[in-house]
Amino acid sequence: MTIAGLPKLSRLTLREQVLESLREAVLTGTFRPGDHLGETELAESYGVSRGTVREALRTLEQARLVTSDSRGKVWVRTLRPEEIEEIFRVRAALEALAVEEIITRGEGASASAELQELLPPASREQVSYLDRLNQDLRFHERLCELSQNATLLETWQGLEGRMRVVMFSPGDGDPVDIMNDDHHKPLVTALESGDIASARVAFFDHMAEAARRWKASTARLR
């Protein structure tokens, strides 16, 4: 029997709750690359021990979302240009493979029709930076889902945290138009064409341009 009015209890430990809160704050841009995450201040804000915060930060460091120095000070990571290049090259390889598997199964037309509905907003649309970023990443994640390759999808999702760290570097006032619909429509068209070679080129070119732009944006932080 359930009793009305009683709140649901969280099954998460304090450490897990702090970890999830901090991870969400990094992945949604509350804490941005270069921001200092003070252990004492966070412990006071959450009403938990410094040890609990320390354990959560250690887990985020293992996930390569934050970094620390020899004195134990922790910051949200600012990725080096070569790391950004690597991430987008891996994304290009993964998404080109996704396209190849979709086309090989003869599902290019149906997949492109679905992705057409998920195109990121146009630059003229008044959309928050976070919403624009979420829609951009959802477009690419759905492509990987449509490949029906579980390993490919898992690998792509494993990169998402670091993608977000990169994409939050410029800040709300400086969105990069590579996330707009006009840069994604050619990807849908290439998928619909059924030509694997040209589709691969389209995705590698898209990711190369994205890497160039994000490297330029993050350079302003240095």
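**Chatting through a predicted model**

Q: What does Glu114 count as, at 31% relative accessibility?
A: Glu114 counts as partly exposed. Keep in mind that this is a predicted model.

Q: Why is that not buried or exposed?
A: Buried means under 20% and exposed means over 50%, so 31% puts Glu114 in between.

Q: Which residue does Glu114 form a salt bridge with?
A: Its partner is Arg142. The closest N and O atoms of the two are 2.5 Å apart.

Q: How many salt bridges does the count come to?
A: The count comes to 22. Side chains of opposite charge can pair when their charged atoms come close.

Q: Which residue does Arg213 form a salt bridge with?
A: Arg213 pairs with Asp177, with the closest N and O atoms 2.4 Å apart. Arg213 is in helix H9, residues 196–219, while Asp177 is in the loop between H7 and H8. That pair links distant parts of the chain too, 36 residues apart. Asp177 counts as partly exposed, at 33% relative accessibility.

Q: Which residues are linked in a network of salt bridges?
A: Arg64, Arg77, Arg80, Glu82 and Glu83 are linked that way.

Q: Zooming out now. How many helices and strands are there?
A: The protein chain has 9 helices and 2 strands.

Q: What pattern does the chain follow along the sequence?
A: Reading along, you get α-α-α-β-β-α-α-α-α-α-α.

Q: What share of the residues is buried?
A: Of the 222 residues in the protein chain, 43% are buried.

Q: What do contacts with a separation of 6 or more look like?
A: In that set, 75% come from residues 24 or more positions apart.

Q: And what is the accessible surface?
A: About 11,800 Å² for the protein chain. Carbon and sulfur atoms hold 49% of that.

Q: How many residues are in the largest nonpolar core?
A: There are 60. Leu57, Phe88, Leu143, Leu191 and Trp214 have the most contacts inside this core. Helix H4, residues 81–104, gives the most to the core, with 9 residues.

Q: Let's take Leu57. Buried or exposed?
A: Leu57 counts as buried, with 4% relative accessibility. Leu57 lies in helix H3, residues 50–62.

Q: What is Leu57 in contact with, leaving aside its neighbours within four places in sequence?
A: Leu22, Leu37, Leu42, Val66 and Val74. As for Val18, its C-alpha atom and that of Leu57 are separated by 9.0 Å. Those two are 39 residues apart along the chain.

Q: And what is Phe88 in contact with, neighbours within four places left aside?
A: Val166, Met167, Met207, Ala210, Ala211 and Trp214.

Q: How many aromatic pairs does a search of the whole structure find?
A: The search finds 1. Tyr129 and Phe168 have ring centres 6.0 Å apart and planes at 50°, so the pair is tilted. Tyr129 is in helix H6, residues 129–146, and Phe168 is in the loop between helix H7 (150–167) and helix H8 (185–193), so the pair ties together parts 39 residues apart in sequence.

Q: Are Tyr129 and Phe168 buried or exposed?
A: Tyr129 is buried, and Phe168 is buried as well.

Q: Last topic, helix H2. Which of its residues are buried?
A: In H2, residues 39–46, the buried residues are Glu39, Leu42 and Ala43. They cover an arc of only 100° around the axis, so they sit on the same side of H2.

Q: What is on the other side of H2?
A: Glu44 and Ser45 are there, and they are exposed.

Q: What covers the buried residues of H2?
A: The cover includes helix H1 (14–27) and H3.

Q: And which residue follows H2?
A: Gly47 does, with a positive phi near 70°.

Technical notes:
Residues numbered from 1 in each chain as written. Predicted model: local features only at pLDDT ≥ 70, side-chain atom pairs only at ≥ 80, totals over all residues. Heavy atoms only, no water. Helix = DSSP H or I, 4+ residues; strand = E, 2+ residues; numbered from the N terminus. Buried < 20%, exposed > 50% of the residue type's maximum accessible area, 1.4 Å probe, protein only. Contact = heavy atoms within 4.5 Å. Core = buried A, V, L, I, M, F, W, Y, C linked by side-chain atoms within 4.5 Å. Areas by Shrake-Rupley, 256 points an atom, 1.4 Å probe, with all protein chains shown as cover. Phe/Tyr/Trp six-rings, centres within 6.5 Å; stacked < 30°, edge-to-face > 60°. Salt bridge = Lys/Arg side-chain N within 4 Å of Asp/Glu carboxyl O. Arc of directions from axis to C-beta.
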